[in-house]
Amino acid sequence: MTTLTIELPDNEEGVISKISDIVKKVKGSRIDIDNYDDGFTEDELAAVKRSLKEVAMIKKGELKPLSMDDLWDE
């Protein structure tokens, strides 16, 4: 599967509707709409901070990165 991310202003409802119509015609496709105008929740921010800390530890050699096989199993 390929993921395509398109950012559009909220006032472009006509374009969003046209894109939605195109995607609906493709078998097995879906549209996920996230609106981050309200910002992130505390849990989302905490998850991002943990992820950045983990990346830094991997870069320093303090933590072993997961292989693709390990990621697949999770």
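Select Val15, which is partly exposed, with a relative accessible area of 34%; buried means under 20%, exposed over 50%, and partly exposed in between, with a 1.4 Å probe and protein chains only. This is a predicted model, in which local features need pLDDT of at least 70, side-chain atom pairs count only at pLDDT 80 or more, and totals for chains, interfaces and linings use all residues. Residues are numbered from 1 along each chain as its sequence is written, and side-chain values use heavy atoms, with hydrogens and water left out.

Stay with Val15 and show helix α1 (residues 13-24), where Val15 is found. Helices are DSSP runs of H or I with at least four residues, numbered from the N terminus.

Together with Val15 they form a nonpolar patch on the surface, with about 420 Å² of accessible area. Such a patch joins nonpolar side chains within 5 Å, from residues with over 30% relative accessible area and no salt bridge (a side-chain nitrogen of Lys or Arg within 4 Å of a carboxyl oxygen of Asp or Glu). Accessible areas come from the Shrake-Rupley method with a 1.4 Å probe.

Move on to helix α2 (residues 42-60). Just after α2, select Gly61, which takes a positive phi of about 80°.

Last, colour the protein chain by pLDDT, the predictor's confidence in each residue, from 0 to 100. Among the elements, α2 has the highest mean (88) and helix α3 (residues 68-73) the lowest (80).

Conventions. Patches are made of residues with over 30% relative accessible area and no salt bridge: like charges are joined within 9 Å, nonpolar side chains (Val, Leu, Ile, Met, Phe, Trp, Tyr) within 5 Å. Helices (H or I, at least four residues) and strands (E, at least two) are DSSP runs, numbered from the N terminus.
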